[in-house]
Amino acid sequence: MGELGAKVEESRERNVDPLNSAPRHGRGFDLSVSRPSPRAKARANLRLLPLFLFWLISGVSVRWAGAEQPPDARALLEQLNQVSIDPGEIYVLRDAKITRDKVNLYFSRGFIGFFTKAGGEITGAAFTGEGEVLLIPPDPVEKRNLARFTQSPILEEQFTSVYMRFTDQTAKDLRALARKPDPEDLEQPVGFLEEWNPILSRLNPDYSVRVLQDLLGDRSLPYFLAQVHGVNLGIFAVSVDERSLEAVDVAAARRSHGRLFGDSWCSFRSRSSDARAAELIVGAVRVLNYKIDTQINADNSLEGRAELEVESHSSQDRVLAFELSRLLKVSEVMDEKGQSLAVFQNPSLEESAASARGNDWVVVVLPSPHPAGEKYGLNFNYQGNVITDVGNKVLYVGARGSWYPNRGLGDRATFDLRFHWPARLTLVATGKCVEESSSSTTKYSRWLSDGPFPVAGFNLGAYESRVRRVGNRTIEVYATREAEALLEKRHAASTAEESVPPARVGQRDLRTGLIPRVVSPLSPSALLDQVAEQGAGAVEYFERLFGPFPYPRLAISQMPGSFGQGWPELIYLPTLSFLTGAQRSEFSFGGNRGELANEIMIAHEIAHQWWGNQLGWKTYHDQWISEGLASYAAALYLSQEKGGERKFRELLRGYKRDLLSKTKEGETVESGGPIWLGGRLSNSLNPDGFTTIVYKKASWILHMLRMLMRDPVTGSDEPFLRMLRDFVEAYRGSDPSTEDFIRHAEKYVTRSPAPARNGWLDWFFSEWVYGTGIPTYKLEASARRLASGKFAVQGTIEQSQVPAEFEMVVPIVAIYGKEHKERLGKVFVTGAGARFRFTSALKPQRVAIDEDNLLAVVR
Ligand SMILES: [Zn+2]
């Protein structure tokens, strides 16, 4: 599964921030309405999203297998779902080998059966017998990741059966190597059809659309998939999909912690996809503008009509996939002339590697391709229910990333949104409200995006609101008078526990003489002013740090649930953020650390206006920049509050503990993979890997980068902050990569402590971003008086728990009595350890490694 797929998937997950990011012991407030959280699950399954979401440009026009008219797409898809083993096409296969890019399949001995033709072509084959798959990932990151799942950096696995789908020359190649069974043979393909045909009817639908895409489109970007039954590794899929940037992919569906994960064992570019990277990133079509008219009915159901203005990037492809929540049913898709187009939605829910990809998509087949560069319109009509009443008149607006058909959030487009909704409710959306009206039963409003947005959305409730001005910008805050039923129930229960069981409420209890506490209901809207204050404070603070707030307005809206999300100009904050700290403490939401997570959530979401919305990320590998900067910005915001320095240290120490905590396999969470692997870090081995590793380690990386850039004389952080401001300036409205960030950051490091290689900071990022490992240091030091009266402090540092080539700048402090700490200097430590010598005016009580500024274990 390629990079693009991952990009689409994680962008569905765009800026979804779980509130309590401490290790989960049972989830705090997962609402039943968020179901087994399709979004959280989707993130876990990131790498296994629909392969068919991606396709490509090319030059040659398609001829349909001799026929004059292209076959009906619907009939062809049906044929692809129905293909079975052709009884006349079963062969003996011995010592045969096929190679697809870096994938090698050896068929030692057995039987192969080719599938019946669809659209005049053989698109699959099944093999039973003995064979082996061999694949060597080209880079160390992928080798190490493969080893996490298979205990070997090389995939070398015996198999007993293989299910294959393809649009390349595989049928021709394998047929040339096979022979008809001889009646004299000792082994006969007895039961082959009976064994395979039920499997085919189950697996086919997962791959049909991807095959259809090629049969009706560009043939220069073929597909090959082998679902292998391995002797030791069980069932896994090896694919080479030339429509994906990371065309070569090995993945497996695995159950763990009661969830289904699409584990990505390894994923990398093929020779061909690497050469066509730029085209593959664009895809076959791009949405330029959305015009969406949404009617929300009294029963919370939704009827939508979306007019998409798209630009063709492929002169051959006509099978186009769009993301849309499975909860919305597409009734019709039309072209600009009003001609109805073939549409497929949500085919298979089978539990397989393919369907672990999720099925929030709709596929549209154009009657003919549009030449590259041509702009045209597509009109979608859909209806369903993504809004749920969660009690106490609180609504949960679900499918926030898939309530309209899109080509993967993150591609910037302009939005013109119109809404009609029941008059008793308030609706707030992304963009500028340019029209409003209301009748006794219905309200209407229209919202235009302030420039291209990576995503658009709305929130809805019986809201009360406040408006604040910050300079020339407006901050609006929306919250309901009551909290959702689930929260209120817990509130009532926990308050009851604290109070003495009343004989009669409000009356003195005769047994104890105490007056029981009267339970007053939670009221999120009571805190509107306070949240407005916090929001304004964060906006002003981040403007000083990162430069001007990117938009003219910001709406902060309440949402039931346990996570936040930051859309352009519209933030979703959990109800918990609209409660007092004392009220939150009732829910024992992760204790003190949970409270810290709560305190920084609003700042985190506001920081996404810069990091995530104004600047995006190039591929899933680079999402850490956005989440890391939002998380670290929120920590900085915390640090400047009263008593904030202590809270900041506490927060980062907590992050360190989480990174060092052990998985059930006994490994540290941090060792689950480098942050560069993005959403792939959440998998069956490490269910919360993405959140823990990306948010928390990236916060530490940015903190250490700040320390590297800190002026050694003045202690000023200006170089670090200027670096960030300039980064915003340089990449505004675009999607920087990790390499972009490294090359940019290097300009702000005046000298590198490590010997220069490619650039000043390569050593730092190669360890912390592309690698794993938290070093352990042991320090020994002594001080002696010099003739000058000063003290010479000298000692040694030993490094362990990381590879020998690991190098780091280790800050050393002198401690003089309680609370008095002084920086002595920095020591560059390598695998061979280091010696140091500093001079100090006073005799230190103790010399130590500054653990507040270094992600390390100090012994
Ligand atoms: Zn975030």
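I began with strand 9 (residues 248–256), which is joined to strand 10 by nine bridges, the two running antiparallel. Within this pair, I found that A251 has S264 of strand 10 as its bridge partner. I note that the model is predicted, that local features need pLDDT of at least 70 and side-chain atom pairs pLDDT 80 or more, while totals for chains, interfaces and linings use all residues. Residues are numbered from 1 along each chain as its sequence is written, and side-chain values use heavy atoms, with hydrogens and water left out.

**The sheet**

I then traced the open sheet of nine strands, whose order is 6-2-3-4-5-7-8-9-10 with antiparallel pairing. Two strands pair if DSSP finds at least two bridges between them; helices (H or I, at least four residues) and strands (E, at least two) are DSSP runs numbered from the N terminus. Strand 6 (178–179) and strand 10 (259–268) are the edge strands, each pairing on one side only.

I looked next for helices across these strands. Helix 5 (residues 170–177) lies across strands including strand 2 (85–100), to which it runs at about 90 degrees. Helix 6 (residues 192–215) also lies across strand 2, and runs at about 70 degrees to strand 5. Axes are lines fitted to C-alpha atoms, for helices over the stretch in contact, and angles run from 0 to 180 degrees between N-to-C directions.

**The cores**

I looked up the largest nonpolar core and found 165 residues, with F458, F542, I556, L705, F764 and I812 having the most contacts inside it. Such a core is a set of buried Ala, Val, Leu, Ile, Met, Phe, Trp, Tyr and Cys residues joined through side-chain atoms within 4.5 Å. Helix 15 (residues 689–709) gives the most to this core, 12 residues. A second, separate core has 36 residues, among them V103, L105, F149 and F159.

I located D622 in the loop between helix 12 (591–607) and helix 13 (623–639). D622 is buried but has no salt bridge, and K618, the nearest side chain of opposite charge, is 6.9 Å away. A salt bridge is a side-chain nitrogen of Lys or Arg within 4 Å of a carboxyl oxygen of Asp or Glu; Lys and Arg count as positive, Asp and Glu as negative, and His and the chain ends are not counted. Leaving out residues up to four places away in sequence, D622 touches W617, W676, P736, S737 and T738, contact meaning heavy atoms within 4.5 Å.

V282 counts as partly exposed because its relative accessibility is 30%; buried means under 20% relative accessible area, exposed over 50%, and partly exposed in between (1.4 Å probe, protein chains only).
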